[in-house]
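Hello,

Here is the structure for your set. Please look it over, then read the notes below.

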Amino acid sequence: QFEKSRMGESFKNLKAWTDTGDIIGARGTIRRTDKGELSVYAKEWTMLTKSIAPLPDKFHGLTDISKRYRSRHVDLIVNPNV
């Protein structure tokens, strides 16, 4: 979880520099949320990989089977049930 109060100026950079599909690294503490899910309470972040092409549409996704195999990394990001 990224909280504006914990990250300060770095939070503005996060919103300005990241897009959907980017992979970032976060450093902070691990805690459980009120619902019991593990979450990282980030103090700082690092850009690991910038997305060059946009992700497929959320509702249509990757429908072509051969393209799903060729773009397996994208398929794993878009389809959580794979």
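The charged end of Arg 31 sits over the ring of Tyr 41, with 5.1 Å to the ring centre. A charge sits over a ring if NZ of Lys or CZ of Arg is within 6 Å of the ring centre and within 35 degrees of the ring normal. There is also one aromatic pair in the structure. For that count, rings of Phe, Tyr and Trp (its six-membered ring) pair if their centres lie within 6.5 Å; planes under 30 degrees apart count as stacked, over 60 as edge-to-face and the rest as tilted.

A word on the source: this is a predicted model, where local features need pLDDT of at least 70, side-chain atom pairs count only at pLDDT 80 or more, and totals for chains, interfaces and linings use all residues. Residues are numbered from 1 along each chain as its sequence is written, and side-chain values use heavy atoms, with hydrogens and water left out.

Overall layout

The protein has four helices and two strands. From the N terminus the order is α-α-β-β-α-α. Helices (H or I, at least four residues) and strands (E, at least two) are DSSP runs, numbered from the N terminus. Of the 82 residues in the protein, 18% are buried. Buried means under 20% relative accessible area, exposed over 50%, and partly exposed in between (1.4 Å probe, protein chains only). The accessible surface comes to about 6,700 Å², and carbon and sulfur atoms hold 53% of it. Areas come from the Shrake-Rupley method with a 1.4 Å probe; for residues, only the protein chains shown count as cover.

Now contacts, meaning heavy atoms within 4.5 Å. Take those between residues at least 6 apart in sequence: 40% of them join residues at least 24 apart.

Salt bridges

How many salt bridges are there? The count comes to three. The rule is a side-chain nitrogen of Lys or Arg within 4 Å of a carboxyl oxygen of Asp or Glu. Side chains of opposite charge can pair when their charged atoms come close.

- Lys 50 and Asp 19 meet in a salt bridge at 3.0 Å, N to O. The pair links distant parts of the chain, 31 residues apart: Lys 50 is in the loop between β2 and α3 (65-70), and Asp 19 is in the loop between α2 and β1 (23-32). Lys 50 counts as partly exposed, because its relative accessibility is 39%.
- Asp 22 also forms a salt bridge with Lys 50, with the closest N and O atoms 2.9 Å apart. At 15% relative accessibility, Asp 22 counts as buried.
- Glu 44 and Arg 27 form a salt bridge at 3.9 Å, N to O. This pair links strand β2, which holds Glu 44, to strand β1, which holds Arg 27, across 17 residues. Glu 44 is partly exposed at 40% relative accessibility, whereas Arg 27 is exposed at 59%.

Shared partners join Asp 19, Asp 22 and Lys 50 into one network of salt bridges.

Around Ile 24

Met 47 is in strand β2. Its relative accessibility is 30%, so Met 47 counts as partly exposed. Met 47 touches Trp 17, Thr 18, Asp 22, Ile 23 and Ile 24, leaving out residues up to four places away in sequence. Met 47 and Ile 24 are 23 residues apart along the chain, yet their C-alpha atoms are separated by 4.6 Å.

Ile 24 also has a listed spacing to Leu 14: 10 residues in sequence and 9.5 Å in space, C-alpha to C-alpha. Leu 14 belongs to helix α2 (residues 9-17). Is Leu 14 buried or exposed? Leu 14 is buried, because its relative accessible area is 7%.

Surface patch

Ile 30, Leu 38 and Val 40 make a nonpolar surface patch of about 300 Å². Patches are made of residues with over 30% relative accessible area and no salt bridge: like charges are joined within 9 Å, nonpolar side chains (Val, Leu, Ile, Met, Phe, Trp, Tyr) within 5 Å. Leu 38 lies in strand β2 (residues 38-49). Leu 38 counts as exposed, because its relative accessibility is 59%.

Best wishes
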